[in-house]
Amino acid sequence: MEFKWWSGRLWTNLLVSFALAAAMAAADRGFRPAVVVGEAVEAEEVGLSHYMLKVVNFLWRSDGSSYQHVWPPMEFGWQIVVGTLIGFLGSAFGSVGGVGGGGIYVPMLTLIIGFDPKSSTAISKCMIMGAAGSTVWYNLKLRHPTLDMPIIDYDLALLFQPMLMLGISIGVVFNVVFADWMVTILLIILFIGTSSKAFLRGVDTWKKETISKKEAAMRKEADGRDEVEYKALPSGPGAASKALRTEVPIMENVCWKEFGLLCFVWVSFLILQVLKQYYTSTCSLWYWILNFLQIPVALGVSGYEAISLYKGRRIISSKGENGSNFTVLQLVFYCSIGVLAGVVGGLLGLGGGFILGPVFLELGVPPQVSSATATFAMTFSSSMSVVEYYLLKRFPIPYALYFVAISLVAAIVGQHIVRRLIEILGRASLIIFILASTIFISAISLGGVGISNMIYKIQQHEYMGFENLCKYEV
């Protein structure tokens, strides 16, 4: 009996021990890993929060502005000589393509003359204004290549120009706020896309011109004539049945009602900018009210033109018979493109023609009219940008006046030479190829400058985030 009792107690103790061991093992398998996992999750959350905090600090610090303008002294030397030559060529080609040449000006001003990127952007706008102004003066007396109308399509300008100026105002603010690397990425993507599109349009136009020249040669042989009459653009709307005037007096060639509306938009924006700069403080209530008042001005004029086009009261005359068939979605899209062109122009120091030119070509507008109309719209927008940058004190006046004079002369020379080449060769597609090549060169040059600046700032551990507009000091 005693042995059985002792053996029973032994088995009981062993069972209890096994039960305790199993319980402890279960605790180790179940509860303790749960605690470890909880600690790991907590550590991961802390690490993620730390990482997000580093990203936020990289992109935004209220006192993190690193901008300081760099204005080299204006002294005669190799920098001025090389900069003048590049500026002259950029103005000549840019004015012909209707793009302004800002993609060439900004790298020249940064790498050769020695300005900081933001000051280069401001001076670039001055040069675009000079080139665009002289080009418009040259074009005011010219007529459409295949229709009896001015070479500048005023209805097309009235649809895009107010929205372009609204975008310019937004772009100038973005130029202050955005970091250089953000601008570089946007620039490369946008310019490579638009230059490729323009180049393909140029190839298509070249092929049509070749067919037209062959048909004209065949007609020459059939009629026994000594000369072949050249039609400026085979893809242009309508072929002239009678000889058209190529030049008329300026007073006769300007559509004064449309021109007056465009001037109204420009003066309204100027008044709002002056009031905002001199009678309000940055980021105050009235500062934002005056900024938002630009929206009804732009929407009012562009909306008036868009409604007139939709109802058929007005037409895009340079498109001929196809200039009156627009849907609401198309008109909204075109106005949005105008805003986008302005934002990019104000942000990068360009004229907006880098976007407007290819868009006008896609609309079926002849290259001569596309270039002239885009330049006409840029004259208003670039001059407004110059006023805004002047109020912000973003460029030295002596340098600006010098390069504006260079751009004035170069634009006239470029227009005259290319016009003569078109008459001799019979190929208006030259304008499209100049447009595409100027945009592509601008993408390479501006992109290269932007990437090099990014690398330098990373090596120097400089702040590369957003600037604080409300604490920006002019």
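Mentor: A helix here is a DSSP run of H or I with at least four residues, numbered from the N terminus. The model is predicted, so local features need pLDDT of at least 70 and side-chain atom pairs 80 or more, while totals for chains, interfaces and linings use all residues. Residues are numbered from 1 along each chain as its sequence is written, and side-chain values use heavy atoms, without hydrogens or water.

Trainee: Which helix gives the most to the nonpolar patch?

Mentor: Helix H8 does, with 5 residues. Both H8 (256–279) and H14 (397–425) supply at least two. The patch covers about 850 Å² and includes Val267, Ile271, Tyr390 and Ile397.

Trainee: Why does isoleucine 397 count as partly exposed?

Mentor: Buried means under 20% relative accessible area, exposed over 50%, and partly exposed in between (1.4 Å probe, protein chains only). Isoleucine 397, found in helix H14, has 42% relative accessibility, so it is partly exposed.

Trainee: Why is serine 302 called buried?

Mentor: Serine 302 has a relative accessible area of 1%, which falls under the limit for buried, so the word applies. Serine 302 lies in helix H10 (residues 294–311).

Trainee: What does serine 302 touch, not counting residues up to four places away in sequence?

Mentor: Serine 302 touches Leu158, Leu159, Pro162, Met163 and Cys335, where contact means heavy atoms within 4.5 Å. Leucine 159 in turn has contacts that include Glu305, Leu331 and Tyr334.

Trainee: Which residues have the most contacts inside the largest nonpolar core?

Mentor: Leu159, Phe160, Phe191, Phe269, Leu356 and Phe376 do, in a core of 64 residues. A separate second core has 24 residues, among them Ile80 and Val404. A nonpolar core is a set of buried Ala, Val, Leu, Ile, Met, Phe, Trp, Tyr and Cys residues joined through side-chain atoms within 4.5 Å.

Conventions:
Patches are made of residues with over 30% relative accessible area and no salt bridge: like charges are joined within 9 Å, nonpolar side chains (Val, Leu, Ile, Met, Phe, Trp, Tyr) within 5 Å. Accessible areas come from the Shrake-Rupley method with a 1.4 Å probe; for residues, only the protein chains shown count as cover. A salt bridge is a side-chain nitrogen of Lys or Arg within 4 Å of a carboxyl oxygen of Asp or Glu.
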